[in-house]
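This report follows the structure shown below from one residue to its wider surroundings. Please keep the sequence and the coordinates at hand while reading.

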Amino acid sequence: MFDLTGKSALVTGASGGIGGAIATALHGAGATVGLSGTREGPLNDLAGQLGGRAHVLPCNLSDMEAVAALPKQAAEAMGGLDILVNNAGMSLDHPDYLETTSAEFNRDLIHINCYAPTVLTKAVLPGMKARRRGVVVNLGSANGILPSVALLSVYAGSKAYINQFTRSMDEELKSYNVRVHDQCPFFVTTKISKIRKPRLDAPTPKAWARAAVKQIGYETVRTPYWSHGLMLMLIHSVCPAWAVNAYVTSLHKSFRRRYYKKHVKKTE
Ligand SMILES: NC(=O)c1ccc[n+]([C@@H]2O[C@H](COP(=O)([O-])OP(=O)(O)OC[C@H]3O[C@@H](n4cnc5c(N)ncnc54)[C@H](OP(=O)(O)O)[C@@H]3O)[C@@H](O)[C@H]2O)c1
């Protein structure tokens with residue numbers, strides 16, 4: 001495993017879910033962590049639990065000025081960053097057709113999922129290149145590397161951006177000993193997935209983070225958790241694209257139907 005002792009890491013979206021678990025795993029491996037998110041309560045709670053080597057850096061990533069200011073705040077708290085984890089992300093509340101979503105919602109999604117990781121990566125690179133040491137971990141999604149993802153097109157598109165951005169930046173920076181990773185989960189039991197109970201195909205954030213942190217410094221694009229890796233291998237080697245498309249479309253249509261049924265029942 002990449003030696004994390006004494007390294008400094010900024011994790012966005014560390015107020016819960018995968019980001020909180022990754023920050024905890026990095027801290028457990030000896031890193032100093034910067035915990036970013038909009039909800040200060042959970043960030044302070046996590047910093048308290050970690051007890052030292054943890055800095056709370058609140059930031060709303062849909063606010064472009066706040067995004068631009070975050071690297072400076074992190075540098076003031078921790079010095080030069082060795083690791084940046086672009087984990088914060090937003091998705092639709094339920095799969096739906098593009099025309100049901102608002103312009104503001106799609107703008108925020110693209111800001112948080114694409115614009116913020118781009119700006120933060122750009123800001124930390126000069127220091128990493130000068131020190132000839134650094135890793136940027138982007139939280140993509142399996143949705144970004146499937147043949148198509150109907151009813152989640154903007155979210156999937158944002159993660160496809162992260163995938164190509166990562167692969168291109170990794171190539172650009174290899175000779176400086178700076179690596180860029182795209183870690184692509186299928187389901188993990190967090191708020192975004194709305195899955196509460198862990199399953200074979202949906203690990204807890206802690207289990208995901210344990211596997212994810214072990215992969216830092218290795219392959220560019222990874223689904224670090226074993227069952228997700230197996231699923232991706234089957235999708236890419238055995239399943240024809242038309243079958244994957246048909247399955248994902250019918251799954252998302254069924255999620256949409258279930259959402260409206262529940263929603264209508266609640267408002268009756
Ligand atoms: N869970 C899954 O099944 C799954 C699958 C594929 C990919 N992913 C990706 O994994 C990453 C982490 O998601 P998660 O599953 O851990 O979901 P989550 O529990 O909902 O966490 C999302 C995180 O993003 C942060 N965030 C959202 N909007 C923000 C904003 N405007 N400014 C700053 N931070 C913001 C949240 O912080 P605050 O609440 O403090 O704002 C929260 O900590 C995301 O990029 C997601 O797309 C998750």
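Arg 53 is partly exposed, since 15 other C-beta atoms lie within 10 Å of its own. The model under discussion is a predicted one, and in this model Arg 53 sits in the loop that runs between helix 2 (40-50) and strand 3 (54-58). As background, most residues other than glycine have a negative phi.

Leu 151 is another case, with a positive phi of about 70 degrees although Leu 151 is not a glycine. The loop in question here is the one between strand 5 (134-139) and helix 5. Is Leu 151 buried or exposed? Leu 151 counts as buried, because it has 20 C-beta neighbours inside 10 Å and the threshold for a buried residue is 20 or more.

Helix 1 covers residues 17-28, and its twelve residues reach 17 Å from the first C-alpha to the last, close to the 16 Å expected at 1.5 Å a residue. This helix is mostly covered, with eleven of its twelve residues buried; among them are Gly 17, Ile 18, Ala 21 and His 27. After helix 1 comes Gly 30, which has a positive phi near 105 degrees.

The ligand is surrounded by 29 residues, of which Gly 13, Gly 17, Gly 37, Gly 89 and Ser 193 are the closest. Which element supplies the largest share of the shell around the ligand? That share comes from helix 1, which contributes three residues. Sorted by class, the shell holds eleven nonpolar, 16 polar and two charged residues.

## Helix 4 against helix 5

Two packed helices are described by the angle between their axes and the distance between the axes. For helix 4 (residues 103-131) and helix 5 (residues 153-173), the packing angle is about 10 degrees and the axes are 9 Å apart. Helix 4 and helix 5 are therefore roughly parallel to each other, given that angles under 35 degrees count as such. By class, the contact of helix 4 with helix 5 is made up of ten nonpolar, five polar and one charged residues.

On the helix 4 side, the residues that take part include Leu 109, Ile 110, Cys 114 and Pro 117, and the partners in helix 5 include Tyr 155, Lys 159, Ile 162, Phe 165 and Met 169.

## The loop between strand 6 and helix 6

Lys 191 belongs to the loop between strand 6 (178-183) and helix 6 (205-214), and it counts as exposed because 10 C-beta neighbours lie inside 10 Å. Apart from neighbours within four places in sequence, Lys 191 is in contact with Gly 16 and Gly 17. Lys 191 and Asp 93 are 98 residues apart in sequence, while their C-alpha atoms are 9.8 Å apart in space.

Val 188 is also placed in the loop between strand 6 and helix 6, but this residue counts as buried, with 25 C-beta neighbours inside 10 Å. Which residues does Val 188 touch, not counting those up to four places away in sequence? They are Ile 18, Ser 193, Ala 202, Pro 203, Pro 205 and Trp 208. Between Val 188 and His 94, which are 94 residues apart in sequence, the distance from C-alpha to C-alpha is 16 Å.

## Trp 208 and its contacts

Trp 208 is found in helix 6 and is buried, with 27 other C-beta atoms within 10 Å. Leaving aside neighbours within four places in sequence, its contacts are Ile 18, Ala 21, Pro 185, Val 188, Pro 203 and Tyr 225.

Along the chain, Trp 208 and Thr 189 are 19 residues apart, and a distance of 9.6 Å separates their C-alpha atoms.

Notes:
Residues numbered from 1 in each chain as written. Predicted model: local features only at pLDDT ≥ 70, side-chain atom pairs only at ≥ 80, totals over all residues. Helix = DSSP H or I, 4+ residues; strand = E, 2+ residues; numbered from the N terminus. Expected span 1.5 Å × (residues − 1). Near = placed C-beta within 6 Å. Nonpolar A, V, L, I, M, F, W, Y, C, P; charged D, E, K, R; others polar. Axes fitted to C-alpha atoms, helices over the stretch in contact; angles between N-to-C directions. Parallel < 35°, antiparallel > 145°, perpendicular 65-115°, else oblique. Contact = placed C-beta atoms within 7 Å.
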